[in-house]
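Visitor: I am new to this structure and would like to know what the words used for it rest on. Could you show it to me and take my questions one by one?

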Amino acid sequence: MGLVVQKYGGSSVADAEGIKRVAKRIVEAKQNGNQVVAVVSAMGDTTDELIDLAEQVSPMPAGRELDMLLTAGERISMALLAMAIKNLGHEAQSFTGSQAGVITDSVHNKARIIDVTPGRIRTSVDEGNIAIVAGFQGVSQDSKDITTLGRGGSDTTAVALAAALDADVCEIYTDVDGVFTADPRVVKKAKKIDWISFEDMLELAASGSKVLLHRCVEYARRYDIPIHVRSSFSGLQGTWVSSEPIKQGEKQVEQALISGVAHDTSEAKITVVGVPDKPGEAAAIFRTIADAQVNIDMVVQNVSAASTGLTDISFTLPKSEGRKAIDALEKSRSGIGFDSLRYDDQIGKISLVGAGMKTNPGVTADFFTALSDAGVNIELISTSEIRISVVTRKDDVNEAVRAVHTAFGLDSDSDEAVVYGGTGR
């Protein structure tokens, strides 16, 4: 008997029919001889609707109370799903994140998991029950308050439970058939990837691919938990994310030269103008950003002008943290000594990812040629051994993704990729 952890996103449990469909799939896994733990998100757009409601009541809702409100969405899903499973003749028990033993730090709205103590879950499945766990939430180790895990929290909950329970696999059910070579909403001829390494998936996730979030994949890599990304709307095999290639029948699935093209339009760019070109200035800028708890992505420093000894430093960050970063830098302007700040939220990032890139010298040239032929202007460039990323105008992103996807032979010759539901989250 194996143990399978399954996660179902909001589009999979968006309504009563969806919940009943998910219940049947969970029961099938149970009937196949598995112990099953299912992690669920809130129904459809419930979380967004609750946030809107909170902002109508208070323009700046307190983090603790907002977490108390938002966790209600997953509790609704877990209870309804347990009812649907019982209606099919199987025993199910629902658990909140805290009841499931998901222990976090004390940061409200974007807490991080510290530990998972799934004693109640283990007891429940050993007694023959199907355990249904509310995703996206936990309990603070210090304050004992309810916390939420932020974007992708349900995926992270599922992988963390799979690691703590020593599960055979963590199945992430979404509204597409797996991980594709590009977002099928943008590239209709995107191909489904049969297998991808943790490293390549981490790069895709960090570059904007929304099927799996970065910290979910990082957790799975750390504990070597295979992830199977599948659609809850079909019975097709999905994409395996693991440390080693998997076999499908007698065929060994090999890694492609290029894994895919990712894009992200959720970032903004800040340029610090007129920075003295001397040791310690960049450190002061980024220490200020770090102290403001702002994450940054790409960084570029221009060559200083010989006549002035001043340079410009540009970096990208989430749009949602733009105001916080600007305020922090303005407060430190006199200490750092820069001239001014420029803020631009009309940018987009395009990334080419693949482990084979480091041994194929023509990849970089082909990438930039494809962008040039599409008339796309590049503002920033960042590279690693398995990724090339560029920043361009937001309006050029979709065209750039399609051009690069075609240039590297990633277009599918078969049917177009199917998007069954909403956003997949």
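Guide: Gladly! Buried residues make up 53% of the 425 residues in the chain. This is a predicted model, where local features need pLDDT of at least 70 and side-chain atom pairs count only at pLDDT 80 or more, while totals for chains, interfaces and linings use all residues. Residues are numbered from 1 along each chain as its sequence is written, and side-chain values use heavy atoms, with hydrogens and water left out.

Visitor: Why is aspartate 175 called buried?

Guide: Buried means under 20% relative accessible area, exposed means over 50%, and partly exposed is in between, with a 1.4 Å probe and protein chains only. Aspartate 175 has a relative accessible area of 1%, so it is buried.

Visitor: What makes aspartate 224 partly exposed?

Guide: Its relative accessible area is 46%, so aspartate 224 counts as partly exposed. Aspartate 224 sits in the loop between helix 7 (214-223) and strand 11 (227-231); helices (H or I, at least four residues) and strands (E, at least two) are DSSP runs, numbered from the N terminus. Its phi is near 55 degrees, a positive value in a residue other than glycine.

Visitor: What makes lysine 7 and aspartate 155 a salt bridge?

Guide: A salt bridge is a side-chain nitrogen of Lys or Arg within 4 Å of a carboxyl oxygen of Asp or Glu. For lysine 7 and aspartate 155, the closest N and O atoms are 2.8 Å apart, and the two form a salt bridge. Lysine 7 lies in strand 1 (residues 3-8) and aspartate 155 in helix 5 (residues 153-164), so the pair ties together parts that are 148 residues apart in sequence. Both residues are buried.

Visitor: How do you know that glutamate 199 and arginine 221 meet in a salt bridge?

Guide: Their side chains are 3.7 Å apart, N to O, and the limit is 4 Å. Glutamate 199 is in helix 6 (residues 198-206) and arginine 221 in helix 7, 22 residues apart. Glutamate 199, at 38% relative accessibility, counts as partly exposed, and arginine 221 does so at 34%.

Visitor: How many salt bridges does the structure hold?

Guide: The structure holds 20 of them.
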